[in-house]
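Here is a short briefing on a structure. Look at the picture first, then read the points below.

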Amino acid sequence: MNKKLLIPLAIFLVLSVFLFVGLWRDPREIPSPLIDKPAPTFKLTELHQPGKALGTDDMKGQVWLLNVWASWCVSCREEHPLLVELGKRKIVPIIGLDYKDEPVAGKGWLTQNGDPYTTSVVDRDGRVGIDWGVYGVPETFVVDKQGVIRYKQIGPITPQALEQTIVPLVRKLQAQS
Amino acid sequence: MSGAVIRALMFGLAAFAPLAHAADAVPTEKDAVAASRAVKLAEQLRCLVCQNQTIAESNAELAGDLRRQVHDQIAAGKTDAEIIDFMTTRYGDFVLYKPPLKATTVLLWSGPALLLVAGFGVLAGVLRKRRTVGEPPPLTDEERARAKRLLDGDKPEDKP
């Protein structure tokens, strides 16, 4: 057989591999440049106690999760039972960022669906969301004791992501000094 | 309700109508230079929600928020480079419609040129081969004799 005929075949095969791998990748998942960078600071009003404010500084020294949610967010309903479950296990503080939401609607949503959050803060105009590179709610960040973002979940948390990635990472980070 | 009251209410509502748009970052008419800068920047930035639109084109809420950021930062005296930097530190190079030239994007930028060169290479090879194919090898004496016989109308000798 003419060896030259193998060249187009080889090109085709390489192309196929790339396209095949591409089939399983989610184009909506944009890698965050904030991974392994210090978490953007904020100081925001608490949802349940509008007189108080909670900020990134208050979380220094512990591993914590930031979960971006909103009462208008449909896929938040998907992940919420998992968060409620995680909240009950009391492994890690979960801070809720109520993103571009009416505080009244946000509170009502939590009453209805359960409140897994250690504290929820209100990002009324979405500026903190932009600082954190949020573009699709829900999003979840794992922040370590030094205040560095170590992981970002884009879209709803899945049972696999929770058990195989988030919880092991939290435990590993908690073991570090 | 009397007609006069309704009219007064409608007038009141109409007076507030412009506020409905105030939240969006439609460039103000105050400063034409700033406005054109805002539009130019918005056209370079990708909307993360509807990924094939710029934030200037997109109606997504995030695009509106990012337009407002651009607008506010221009008002705060930031340079274009600083605003682009603000966006890429948060959303990565993906937010730029024109990817920057760096080690990871060298192939992306040079790919078309490389393909063009490779294409010319293949074309040159094919043309060279075609030229050599065009000149058939010279006939041997035996072949020449056989051709002569055929042309002269003799019966081929190998006929059974």
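**Briefing: chain A and one cysteine of chain B**

Chain A has five helices and seven strands. Helices (H or I, at least four residues) and strands (E, at least two) are DSSP runs, numbered from the N terminus. This is a predicted model: local features need pLDDT of at least 70, side-chain atom pairs count only at pLDDT 80 or more, and totals for chains, interfaces and linings use all residues. Residues are numbered from 1 along each chain as its sequence is written, while chains are lettered from A and ligands numbered from 1 in the order in which they are written.

**Chain A: order and shape**

- From the N terminus, the elements of chain A follow the order α-β-β-β-α-β-α-β-α-β-β-α.
- Chain A is more spread out than a compact globule, because its radius of gyration (taken over C-alpha atoms) is 20 Å, well over the 16 Å that the globule rule (2.2 Å times the number of residues to the power 0.38) gives for 177 residues.
- Along the principal axes, the C-alpha atoms of chain A fill a box of roughly 80 × 40 × 30 Å.

- In chain A, 36% of the 177 residues count as buried.
- A residue is buried if 20 or more other C-beta atoms lie within 10 Å of its own, exposed if 12 or fewer, and partly exposed in between; C-beta atoms are placed from the backbone.
- Among contacts in chain A with a separation of 6 or more, 72% join residues 24 or more positions apart.
- Two residues are in contact if their C-beta atoms, placed from the backbone, lie within 7 Å.

**B:Cys50**

- B:Cys50 sits in the loop between α3 (32-44) and α4 (61-75) of chain B.
- B:Cys50 counts as partly exposed because it has 15 C-beta neighbours inside 10 Å.
- Leaving out residues up to four places away in sequence, B:Cys50 touches B:Ser58 and B:Ala60.
- B:Ala60 is 10 residues from B:Cys50 along the chain, and their C-alpha atoms are 7.3 Å apart.
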